[in-house]
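This report describes the fold of one protein chain and a selection of its side-chain pairings. Please keep the sequence and the structure in view while reading.

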Amino acid sequence: MAILTIEELAASLPPNRAIAGLDLGTKTIGLSVSDLGRRFATPRDVIRRVKFGIDAEALLAMAAKEKIAAFIIGLPVNMDGTEGPRCQATRAFVRNMGEKTDIPFVLWDERLSTVAAERVLIEMDVSRKKRAERIDSAAASFILQGALDRLASLANASRD
């Protein structure tokens, strides 16, 4: 497994395969999956975290079922651009996943993704309780949609 930049991923993606977005939390892993045309991110049920081995199995089972070509994982960079303990935990998770899969990962700056996701859920009049259940997958969708938009931009630039 490799950690790629979004540009490297764009150059190596096979056609007609989905991409997964991940929002790694301490209690859950928010999931989102693209359509095969890689235009839209759709939230999926979260994975409740237990311990790494079990979490990895659940993630890889989802990846096999959905025919995932790559993972876009949110990197929780601080607002000033520095990396704290949550970034270290995310990088460690990706490193450990590298021992279990060849599916590449892209680290994606996720600043404000949870804030944006919560704002949308509030606008949709989702109750506080249901927002708590859906926020991680909604954030994963924001992360994935940002990467899908960037991939589309790179594809358009290569055609020009």
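Two residues are in contact when heavy atoms lie within 4.5 Å. Of the contacts in the chain with a separation of 6 or more, 66% join residues 24 or more positions apart. The model is predicted, so local features need pLDDT of at least 70 and side-chain atom pairs count only at pLDDT 80 or more, while totals for chains, interfaces and linings use all residues. Residues are numbered from 1 along each chain as its sequence is written, and side-chain values use heavy atoms, with hydrogens and water left out.

**Overall architecture**

The chain contains 5 helices and 6 strands. These elements are DSSP runs numbered from the N terminus, with helices being H or I of at least four residues and strands being E of at least two. Read from the N terminus, their order is β-α-β-β-β-α-β-α-β-α-α.

A residue is buried under 20% relative accessible area, exposed over 50%, and partly exposed in between (1.4 Å probe, protein chains only). By this rule, buried residues make up 42% of the 160 residues. The accessible surface of the chain is about 8900 Å², and carbon and sulfur atoms hold 52% of this surface. Such areas come from the Shrake-Rupley method with a 1.4 Å probe, and for residues only the protein chains shown count as cover.

Ser32 belongs to strand β3 (residues 28–34). Is Ser32 buried or exposed? Its relative accessibility is 0%, and therefore Ser32 counts as buried. Beyond its neighbours within four places in sequence, Ser32 is in contact with several residues, including Ile19, Thr42, Arg44, Ser137 and Leu144. The side chain of Ser32 also makes a polar contact of 2.9 Å with the side chain of Ser141. A polar contact is a pair of N or O atoms within 3.5 Å; within protein, one must be able to donate a hydrogen and the other to accept it, and residues adjacent in sequence count only if both atoms are side-chain atoms.

**Salt bridges**

Side chains of opposite charge can pair when their charged atoms come close. A salt bridge places a side-chain nitrogen of Lys or Arg within 4 Å of a carboxyl oxygen of Asp or Glu. The count by this rule is 3, as listed below.

| Salt bridge | N to O distance |
|---|---|
| Arg150 and Glu7 | 3.2 Å |
| Glu66 and Arg44 | 3.1 Å |
| Asp55 and Arg49 | 3.2 Å |

The bridge between Glu66 and Arg44 links distant parts of the chain, with Glu66 in helix α2 (residues 52–66) and Arg44 in strand β4 (residues 41–48), 22 residues apart. Arg44 is partly exposed at 29% relative accessibility.

In the pair of Arg150 and Glu7, Arg150 lies in helix α5 (residues 128–159) and Glu7 in helix α1 (residues 6–12), 143 residues apart. Arg150 is partly exposed at 31%, and Glu7 is partly exposed at 39%.

**Aromatic pairs**

Rings of Phe, Tyr and Trp (its six-membered ring) pair if their centres lie within 6.5 Å; planes under 30 degrees apart count as stacked, over 60 as edge-to-face and the rest as tilted. The structure holds 2 such pairs. One of them joins Phe52 and Phe93 edge-to-face, at 5.6 Å centre to centre with 80° between the planes. Phe52 lies in helix α2 and Phe93 in helix α3 (residues 85–97), so the pair ties together parts 41 residues apart in sequence. Phe52 is partly exposed at 25% relative accessibility, whereas Phe93 is buried at 4%.
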